[in-house]
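Me: Could you walk me through this structure with me asking as we go?

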Amino acid sequence: VTVNKASAKVGFSNPIVFDYLGDGSTTLILDGCTVSLSHLKVVGHPEALVSINSNNVVSVSGLNAGNYTLSVEAIPDANHRSVSATLPITVNKIDSDIIFIEDYISFKYSESGSTAIVLDSCKVSTMNIEGNSVKPVLKGNVISVSGLPVGKYRLKVTTQPVNGNYNSVVRSIPVVVSKNTAKI
């Protein structure tokens, strides 16, 4: 009678999906084997931070936005053959951001108004006043608006991410131009 070793089995509770600057995890489902940290790697990416706890929860972080593969090589017990498995990892981009220091811009006709901005992982790509051809001006971290007739408008700003880990976003704030006092 010959008894052959069965193949060990490695499964995963879920694919690993997380946002850039975050981390993701999965639980290994093992049959006839164990896994140690030295048997886990993100293929072709030694910069990835990989850990495993006593409950076989594998965590991954330290990756740029993109798609990767987790490779697992199981250590079989005496009755099983070695096995390896792979799992996709998806790291999502996160939004860049522009923060307006003022909630709105308000000024009188024939004058100008402005707001300071804070950019997070981006630069300004485009700016416009919706429904008007007047072009806002960016100097340093201040956006100025002038030349608008009396009325209510929206300043719309689109960001350009600094790298491929971020998404472009569009933010806007109200612009209110009020009547100026007539002078005699």
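This is a predicted model: local features need pLDDT of at least 70, side-chain atom pairs count only at pLDDT 80 or more; totals for chains, interfaces and linings use all residues.

Me: OK, aromatics. How many pairs are there?
Reply: The structure has one aromatic pair, where rings of Phe, Tyr and Trp (its six-membered ring) pair if their centres lie within 6.5 Å, and planes under 30 degrees apart count as stacked, over 60 as edge-to-face and the rest as tilted. The ring centres of Y20 and Y166 are 5.6 Å apart and their planes stand at 80°, so this pair is edge-to-face.

Me: Where do Y20 and Y166 sit in the chain?
Reply: They are 146 residues apart and link distant parts of the chain, with Y20 in the loop between strand 3 (16-19) and strand 4 (23-31) and Y166 in strand 21 (residues 166-167). Strands here are DSSP runs (E, at least two residues), as helices are (H or I, at least four), and both are numbered from the N terminus.

Me: Is Y20 buried or exposed?
Reply: Y20 is buried, at a relative accessible area of 16%, and Y166 is buried as well, at 12%. Buried means under 20% relative accessible area, exposed over 50%, and partly exposed in between, with a 1.4 Å probe and protein chains only.

Me: And what does I94 touch, leaving aside its neighbours within four places in sequence?
Reply: With those neighbours set aside, I94 is in contact (heavy atoms within 4.5 Å) with D19, Y20, L21, N165, Y166 and N167. I94 itself lies in strand 13 (residues 94-95), and its C-alpha atom is separated by 36 Å from that of G147, 53 residues apart along the chain.

Me: L21 is in that list. What is its phi?
Reply: L21 has a positive phi of about 75° although it is not a glycine. Most residues other than glycine have a negative phi. L21 is in the loop between strand 3 and strand 4, and it is exposed, with a relative accessible area of 63%.

Me: What about S110, where is that one?
Reply: S110 is in the loop between strand 15 and strand 16 (112-120), its phi is also positive, near 75°, and at 60% relative accessible area the residue is exposed.

Me: Switching topic: how many salt bridges do you count?
Reply: The count comes to one salt bridge, taken as a side-chain nitrogen of Lys or Arg within 4 Å of a carboxyl oxygen of Asp or Glu. The partners are D97 and R171, whose side chains meet at 3.0 Å, N to O.

Me: Which strands hold them?
Reply: D97 is in strand 14 and R171 in strand 22 (residues 170-178), 74 residues apart, so to speak a link between distant parts of the chain. D97 is partly exposed at 22%, and R171 is partly exposed at 31%.

Me: What does P136 contact, leaving aside its neighbours within four places in sequence?
Reply: Beyond those neighbours, P136 is in contact with M127, N128, I129, I143, S144, V145 and L155. P136 lies in the loop between strand 17 (122-129) and strand 18 (137-139), and it counts as buried at 9% relative accessibility.

Key:
Residues are numbered from 1 along each chain as its sequence is written. Side-chain values use heavy atoms; hydrogens and water are left out.
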